[in-house]
Protein chains: 2
Amino acid sequence: MFPIKLTNSLSGQKETFKPLVAGRVGMYVCGPTVYSDVHLGNCRTFTSFDIIYRYFLYTGYKVRYVRNITDVGHLEGDADTGAEDKMAKRARLEQLEPMEVAHKYTLGFHDMMKIFNTLSPSIEPRATGHIPEQIEMVQEIMANGFAYEKNGSVYFNTVKFAKEHPEIYGKLSGRIIEDLISESRDNLKNQDEKNHPSDFAIWIKGSEEHLMKWKSPWSTGFPGWHLECSAMSTKYLGEKFDIHGGGFDLKFPHHENEIAQNFGSCGSTPCNYWMHANMLLMNGRKMSKSDGNTITPQQLFTGDSVHISKAYSPMTVRFFMLQSHYRSTLDLTDDALLAAEKGYRRLMEAYKVLNTLESNSAAGELDEEINFIADAAFANMSDDFNTPKALASLFDLASKIYSFQAGHLSIASVGKTTLERLKKLFQDFIFDIFGLIDETSSGGDQEVVGGLMELILKIRANARTNKDWTTSDQIRDALNEAGIQVKDGKEGAAWTRI
Amino acid sequence: MFPIKLTNSLSGQKETFKPLVAGRVGMYVCGPTVYSDVHLGNCRTFTSFDIIYRYFLYTGYKVRYVRNITDVGHLEGDADTGAEDKMAKRARLEQLEPMEVAHKYTLGFHDMMKIFNTLSPSIEPRATGHIPEQIEMVQEIMANGFAYEKNGSVYFNTVKFAKEHPEIYGKLSGRIIEDLISESRDNLKNQDEKNHPSDFAIWIKGSEEHLMKWKSPWSTGFPGWHLECSAMSTKYLGEKFDIHGGGFDLKFPHHENEIAQNFGSCGSTPCNYWMHANMLLMNGRKMSKSDGNTITPQQLFTGDSVHISKAYSPMTVRFFMLQSHYRSTLDLTDDALLAAEKGYRRLMEAYKVLNTLESNSAAGELDEEINFIADAAFANMSDDFNTPKALASLFDLASKIYSFQAGHLSIASVGKTTLERLKKLFQDFIFDIFGLIDETSSGGDQEVVGGLMELILKIRANARTNKDWTTSDQIRDALNEAGIQVKDGKEGAAWTRI
């Protein structure tokens, strides 16, 4: 197996992955906020990290994969004061207990992750379930002099932190403190408590109406939204772990502030590698509800949207995601989905054809070429999880498979061992690494129906040859009753379900 | 609709349900401990409360149904000192982080609840997610003088509580303090910290090896296992709510101590109605791993157990559970499961036949009788959720349905309106109230296969009548290839899948 390289957002470079503990990976990925249905863009991010998780597992690593559930503290507009907690707002609108809303959308999120066939992480901690850990982290940050209290809220002192640790603050997002200041000028509203506009809240005093709040040494309130990830990654993966992932949009301010919090509390940056999955666009533009350029996973699966010509299956969408690198933007268009549907079917078909092939050769003249392409598939996956290139290798192999089937290439030109390797490679890539499900054959009944229809059409053909039109018509009628329509053509009879 | 009556364990009487808020039900049910696969006995308890939840919803109540996940604090042997926390022990054996174990078995529990087609509760709070609430409750109990600290652990003072509130402590379990004392004599080990053997820990100082612990005013430790339910029911349902449920085995000490904690902290008992689901036995005896008298849900579904002659489907098992009242013990035997399988199929078949029936009569002489039985079905459900009696009503109606089908009763003897009511009643009871799924027709393919086989066997019978053995044999061979075996009997040919 090739050593795994990955692009570290911190250095902007591709680096060879070196785990902190041999054979183990500790990985934290920012999960969903459960106040509404999961967005398709989030599905792309989680699918990207699902493939990264799967590839680490496949290459033999023992992985502890932590992905949080944000059920409190994510503020409106990503500004951390003044705005109301999203969870509580939605809850009051629906006259529900906030945790009832959170539970409903957590279930919906889990269902959607199953539909996309993503593996569950090892631990799925909830922000509300880790209030003591977050309060403790605030205390540590204050003890280290990087936070101050104002009227029951606590703010992280970015100016002090940036001055003392210029090698840390701003490094991930590539911003310098002057940028951060001007960046935040627009958000001056309700920020009079802060010493500096770029400071951010790590504990927020809850207003009277606020539904989700807890006692703390400073006020009855709730944690700032950057804090949970720092506290929960530390709890389950330690002060230093291997990989922290999330969507590109979280790089700043969320991840930059996470680093500041972790270092501010324990003197260590949280992880060695930061990985970011890029955005999902639609028709070349950012998805946005306000201008109608948006689509939900449900709409994709039902076809109920002006943006697509038909329904697409979950595995078509997953395949579509595999066709671009996780660090590239992915542009969802109807044409691209149609192409993905074709590609997915072609891949599954090649897999099935492959399994019918048998070779008696000990070795063959194509062995070297096939092994070269097979190696390339793994090399591409190990090179920053390059799924589009790995897919391209598989399609190179699929062409060979179709040529064997059509007889354009002799099956004798591939050796037994190479053919076996090829079979294992397709099986492993399709199901274990890419995490696809075979949607093209739904259970055994479909095959049985195929077998029975073959028999019936043969009997009917015999009857027609013998000019026994009565039997032929009886069969047609009985098939109609069973929901099957027969059409006679030049090359014999074909059948479809009515 | 009939007013709902339920047996209140607190009074031992059947009482008419009166909600605290008109039209709403607040219900808390003790959930699973997620340190191993969920037991079949637990499945029975959760299915019982699922039907209760469904019936409240069906009758128009808005229900907030809270069922907790115990991921910490449930001690071995149900004794609350000395023993190690089950979660942590299992975690060390598997060299896993406790929350990784908890997550794994929580997923498994959710899968099993889906297999049994139980609805998710409205909120599913975790014990580890509510440490501040539990610490606060300990503080309140101490402030009210009903708890004392010893070496970092905090104990509930049962003697004082029983003396001051003899009308409360012991009422649910029907025990008096003298009983409680002698009851606990066996558990004197490691109890030297307690003032009295019947006292119980509400906060436990964690040992060095203990993996799951949190800071508190008394020690770094963890909550006693009765505490989470008191704290979480209060948080999500208020200091007083309608119904608290659980298995019979939780009545004492768990529920008795919950009442003491709730009253001890806020001066109010938690709920108006206590409901308990009885035990699942096997072959007349308590299930027990040590003597081999045990079976898992998986074994039931695969048939892989010496205790059963074949595999049973999830809906057969659910139907089996419906056949006894939730307050009665339920004895699992192979014969009972075979009977349940038959009963389930008969009910589903009656439902299908019913939907083919049409009446042109405005009214008929059977209307009164049928409406009487239909009313009885609802009356039985409203009478303490009596599923076996409601099922009996449905089977009375099924007999009528079969008689209509066979022509023993004229369909004209039932009026249009009554027939429509009957159809709605079957639909509602089977799917909404009993929560059954139709396993008897799995999609369209099964029907298509049936239709095609009918046709093929007719053709084959013709061939045999004409002594055309070649065609007959060809058909048989082709069917074998398609995975179908034909057996000729006195009453014609039958077929099975190979």
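**Strands and contacts**

Modeller: Let's start in chain B: B:Lys150 stands opposite B:Ser153 in β6(B). Strands here are DSSP runs (E, at least two residues), helices are H or I runs of at least four, and both are numbered from the N terminus. It's a predicted model, so local features need pLDDT of at least 70 and side-chain atom pairs count only at pLDDT 80 or more, while totals for chains, interfaces and linings use all residues. Residues are numbered from 1 along each chain as its sequence is written, and chains are lettered from A and ligands numbered from 1 in the order in which they are written.

Colleague: How many bridges join β5 to β6 in chain B?

Modeller: Four, with β5 (residues 147–150) and β6(B) running antiparallel. Strands pair if DSSP finds at least two bridges between them. The hairpin has two residues between the strands, and B:Asn151 takes a positive phi near 50 degrees there.

Colleague: And which strand do three bridges join to β6(B)?

Modeller: That's β7 (residues 200–205) of chain B, also antiparallel. In that pair, B:Tyr155 stands opposite B:Ala201.

Colleague: Are the residues on the faces of β6(B) buried or exposed?

Modeller: Buried on both faces: B:Ser153 and B:Tyr155 on one side, B:Val154 and B:Phe156 on the other. Buried means 20 or more other C-beta atoms within 10 Å of the residue's own, with C-beta atoms placed from the backbone.

Colleague: New topic. What's the order of the open sheet of three strands in chain B?

Modeller: β12-β11-β13, with mixed pairing. β12 (285–286) and β13 (330–332) each have a single partner strand, so one side of each is left without a neighbour in the sheet. β11 (residues 280–282) runs parallel to β13(B), joined by three bridges, and B:Leu280 has B:Leu330 as its bridge partner.

Colleague: How many residues of chain B are in contact with chain A?

Modeller: 35 residues of chain B, against 35 residues of chain A. Contact means C-beta atoms, placed from the backbone, within 7 Å.

Colleague: Which helix gives the most on the chain B side?

Modeller: α15(B), with nine residues.

Colleague: Last one: how far apart are the centres of domain 1 and domain 2 in chain A?

Modeller: 34 Å, taken over C-alpha atoms. The domain bounds, from an automatic or database assignment, are 5–277 for domain 1 and 282–433 for domain 2.

Definitions and conventions: Two residues are in contact if their C-beta atoms, placed from the backbone, lie within 7 Å. A residue is buried if 20 or more other C-beta atoms lie within 10 Å of its own, exposed if 12 or fewer, and partly exposed in between; C-beta atoms are placed from the backbone.
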